[in-house]
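The following paragraphs lead the reader through a predicted model.

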Amino acid sequence: EKMEDILCAVEPQKALFGLSDINFENVQLGEEIPVYETYNNSLVPSELHIVPILLDGEVISLFYIMQSENEWIVQLGKGLVSKIKAYANNSPFAIIYTSEGAYVFTNGEYFLLLNLIAMSKQNLIPHLFLVLKQTVLTLR
């Protein structure tokens, strides 16, 4: 319900989110994408939830959702969409976060989506992404 409220709030400012050519009447929420992270050399379900926004069955953007104390943090972004589409190619997939970066796992293979080491050296990691990752790490 909150994501639908956010979509309604985004629509008047959709150009800011790179969605200017999208008719929001045809947009719907997809099923949550499985997200995992590495912890003690094991894969564990992440506390970060990712829900795709679909237009005619195609992913156009992603909601990133995490609970921090008694509050939900929700971010809308399409930065990883093109890479996910390129690697997953309509196959089932999961996202895996490690200390090095974010990967898509599909068809038995891992593909790097986001290199955190290179980004941190260039100070390019978005602030909210850092907050989300720090929250995940502190909740463990």
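Under a cut-off of 6.5 Å between ring centres, the model contains two aromatic pairs. In one of them, the ring centres of tyrosine 87 and phenylalanine 111 are 4.6 Å apart and the planes meet at 5°, so this pair is stacked; planes under 30 degrees apart count as such. Because tyrosine 87 belongs to helix α2 and phenylalanine 111 to strand β9, the pair ties together parts that are 24 residues apart in sequence. Tyrosine 87 has a relative accessible area of 32% and is partly exposed. Phenylalanine 111 is likewise partly exposed, at 22% relative accessibility.

Phenylalanine 105 and tyrosine 110 make up an aromatic pair with a centre-to-centre distance of 4.6 Å and an angle of 45° between the planes, an arrangement described as tilted. Phenylalanine 105 is partly exposed, with a relative accessibility of 30%.

The sheet provides the setting for strand β9. Five strands, in the order β3-β2-β7-β8-β9, form an open sheet with mixed pairing. Strands β3 (42-45) and β9 (109-115) each have a single partner strand and stand at the edges, so one side of each lacks a neighbour in the sheet. On average, neighbouring strands are turned by 30° against each other, direction ignored.

Within this sheet, β7 (residues 93-97) and β8 (residues 101-106) pair in the antiparallel sense over five bridges. Phenylalanine 93 stands opposite threonine 106 in β8. Helix α2 (residues 81-88) lies across β7, β8 and β9, and runs at about 165° to β9.

Terms used: Residues numbered from 1 in each chain as written. Predicted model: local features only at pLDDT ≥ 70, side-chain atom pairs only at ≥ 80, totals over all residues. Heavy atoms only, no water. Pairing = 2+ DSSP bridges. Helix = DSSP H or I, 4+ residues; strand = E, 2+ residues; numbered from the N terminus. Axes fitted to C-alpha atoms, helices over the stretch in contact; angles between N-to-C directions. Contact = heavy atoms within 4.5 Å. Phe/Tyr/Trp six-rings, centres within 6.5 Å; stacked < 30°, edge-to-face > 60°. Buried < 20%, exposed > 50% of the residue type's maximum accessible area, 1.4 Å probe, protein only.
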